[in-house]
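Please read them with the structure open beside you.

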Amino acid sequence: MTDETQTAENAEAPENAPEKTAEEQLADARAEIVNIAAERDAERDRALRAAAEAENTRRRLERDKADAVQYAAASFARDMLTVADNLTRALASLPAEASDALRTGLEATGRELASILERHGVKKVPAVGLPLDPNLHQAMVEVEADAEPGTIVSELQAGYTLKDRLLRPALVTVAKA
């Protein structure tokens, strides 16, 4: 070695520092291995969690996409319910002397509209004679009736569901307690 190299090595190592024994070096190496293993395990855990989160996000997006496709017609169906209501009112308000052809035509149109709605998953909510279900019915009036309290006596406006979601609650009259 040259004098400059020895001087540089002496400057880095303190003169009074004792050299580590083989056991101390081995203990330091083991501690470093344990630290590296802990870091590796932590990184593996983070990677697994990130992969699980990505998979959960993918599943959630697929479910949201399926719901969007399944319930895309909800707004249109809701609008068509007003047509069905008006058709029902028109039939109910026909005078007795109205022509049979007009009545038959309106009834056929109503059946066709109901068939189309049902084909696309829109179903009428059953009401009269059943107990009030706040998830499907909206009580508008309470009346004295021979029925058990809380039973639906009449339907003011039909309610509908689209597949398993409520489009519109049935507006009903309920027997008083």
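1. Leaving aside neighbours within four places in sequence, Thr-151 is in contact with Gly-129, Leu-130, Pro-131, Thr-173, Val-174 and Ala-175; contact means heavy atoms within 4.5 Å. Thr-151 is found in the loop between strand 2 and strand 3 (152-157). Strands (E, at least two residues) and helices (H or I, at least four) are DSSP runs, numbered from the N terminus. Thr-151 is buried, with a relative accessible area of 14%. Buried means under 20% relative accessible area, exposed over 50%, and partly exposed in between (1.4 Å probe, protein chains only).

2. A word on the source: this is a predicted model, in which local features need pLDDT of at least 70 and side-chain atom pairs count only at pLDDT 80 or more, while totals for chains, interfaces and linings use all residues. Residues are numbered from 1 along each chain as its sequence is written, and side-chain values use heavy atoms, with hydrogens and water left out.

3. How many residues of strand 6 (residues 170-175) are buried? Six of the six are, so strand 6 is largely enclosed by the rest of the structure. Ala-170, Val-172 and Val-174 lie on one side, and Leu-171, Thr-173 and Ala-175 on the other. In a regular strand the side chains alternate between the two faces of the sheet.

4. Strand 6 pairs with strand 2 in the parallel sense over six bridges; two strands pair if DSSP finds at least two bridges between them. In this pair, Val-143 stands opposite Ala-175. With strand 3, strand 6 pairs in the antiparallel sense over four bridges, and here Ser-154 stands opposite Thr-173.

5. Strand 4 and strand 5 (residues 165-168) pair in the antiparallel sense over three bridges. They form a hairpin with two residues between them, and Lys-163 in the turn has a positive phi of about 55 degrees. The bridge partner of Leu-162 in strand 5 is Arg-165.

6. The largest nonpolar core has 12 residues, among them Tyr-71, Ala-74, Leu-162 and Leu-167. A nonpolar core is a set of buried Ala, Val, Leu, Ile, Met, Phe, Trp, Tyr and Cys residues joined through side-chain atoms within 4.5 Å. Helix 3 (74-93), helix 4 (100-119) and strand 4 (160-162) each supply at least two residues of this core; the largest share, four residues, comes from helix 3. Leaving aside neighbours within four places in sequence, Ala-74 is in contact with Leu-162 and Leu-167.
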